[in-house]
Amino acid sequence: MITSLTLLILSLVALYIGAGWLVQGSSALALKAKISPLVIGLTIIAFGTSAPELVVSLNAALKGEGEIAIGNILGSNIFNIGIILGISATIYPLQAKKQLLRIDIPVMLIATILLTIFFWNGELGRMEGGFFLAGIILYTIFSLYYSRKHGEEPNLELEEQPRHWAFDTLEIVGGLVVLIFASHLLVENAVSIAREVGLSEAVIGLTIIAAGTSMPELATTIVAASKGKTDIAIGNIVGSNLFNILAIAGSCSLVQPIVAKNVNYIDLLVMLAISLLLLPLVKSGQKITRTEGLVLVIVYVIYVFWLFRDVI
C-alpha cells in the first residue's frame, strides 16, 4: 500500500514535469507561427496540458479498464471547471473574449451533451469515437483559420527567450516520453490502491486520477490568471474539456470500445450541469467573478463528498 502510494505520487510529479515540457515547447512553436494567445490557450496549451489525460485514458482503455478511462475524462472536465476555473477566478476575475461566448463555449457544450447522450448506457463504441475525432480535427482547423483571419497578434512576451525550433521540438518529444511512462505508473498504482481500500475503479478515475492528470491545467491556468492573461486561463480550460471529449474519448473508444457500467448517469449529469453553468457565468458581464468562482469550487466539493459518501 505504501509503495503504491509513493509511486502514485511520483507518477503525478512526473506527469506535471512532462506536461510542462510539452506545453512550453509547443507554446514556443505556436508563437513562432504567429498564433494568437486565445487560440494558443484553446488549442496548443489546452491539448498539451491534456496529454496526461490522453495517455492515462488510452493506457487504461487498452487494458480493458473502462471505468478509469472514461472516469478520468468526466472527472477531469468537472475538476477543470469546478476547481481550476473556480480557484483562478477567486485569484483574478476572468474576463472572456466574445469568441469564447459565440464559438468555443457553445462548441464545448455541444460536445458535452453528445458525450452524455452517447455514453448514457455505459458504453462508447468505435462509431462514436470516429465521430468525436472528426470533430476535434474540424474544430482545430477552424480555430487556426479564425485566429489568422480575426485574431490579434500574439504577445511575444509569453516567450522569454527566443530559441531555435529544434530545442522546442526536443522539449516536446521529452515531455511526451515522460508522460507515457508516468501514465503507466499512475494507472497501475491507482488500480492497486483502489482494490486495497475497497474503492471502485470508477471513483478513483473520477477523483484521484482526474485531479492528478489535471495538475498541468491547474498550474497553467492559475499562473495565467495571476498574470492577468485571462485569454489563456479560460481558453485553456474550454480547450482542455473539448480535447478530453473529442480527442481522448474519441481515440480511446476507437481503439478499444469503452464499457464502464460503474460510471453512471449522475456523473454524466454533474459534468453536463457544471459545463452548462459556465455559459451564464461568463455571459454575466463577460467575466467570471470571485463570487462565481467560489460557487464553482463549492459545487465540486459537494460532488466529491457525494462520491465518497460510503467511505465517509
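## A parallel pair

A crossing is called left-handed if the near helix is turned anticlockwise from the far one by less than a right angle, and right-handed if clockwise. By that rule, helices α4 and α9 cross in a right-handed way. The model is predicted: local features need pLDDT of at least 70 and side-chain atom pairs pLDDT 80 or more, while totals for chains, interfaces and linings use all residues. Residues are numbered from 1 along each chain as its sequence is written, and side-chain values use heavy atoms, without hydrogens or water.

Helix α4 (residues 66-91) packs on helix α9 (residues 215-226) at about 20 degrees, with axes 9 Å apart. The two are therefore roughly parallel (under 35 degrees; over 145 is roughly antiparallel, 65 to 115 roughly perpendicular, the rest oblique). Among the residues that meet are F79 and I84 of α4 and L218 and I222 of α9.

## Aromatic rings

The whole structure holds six aromatic pairs (ring centres of Phe, Tyr or Trp, its six-membered ring, within 6.5 Å; planes under 30 degrees apart are stacked, over 60 edge-to-face, the rest tilted). F118 and F131 pair edge-to-face, 6.1 Å centre to centre with 85 degrees between planes. F118 also forms a tilted pair with F132, at 5.6 Å and 50 degrees. Elsewhere, ring pairs join F79, Y300 and Y303 into a cluster.

Conventions
Axes are lines fitted to C-alpha atoms, for helices over the stretch in contact, and angles run from 0 to 180 degrees between N-to-C directions. Helices (H or I, at least four residues) and strands (E, at least two) are DSSP runs, numbered from the N terminus. Contact means heavy atoms within 4.5 Å.
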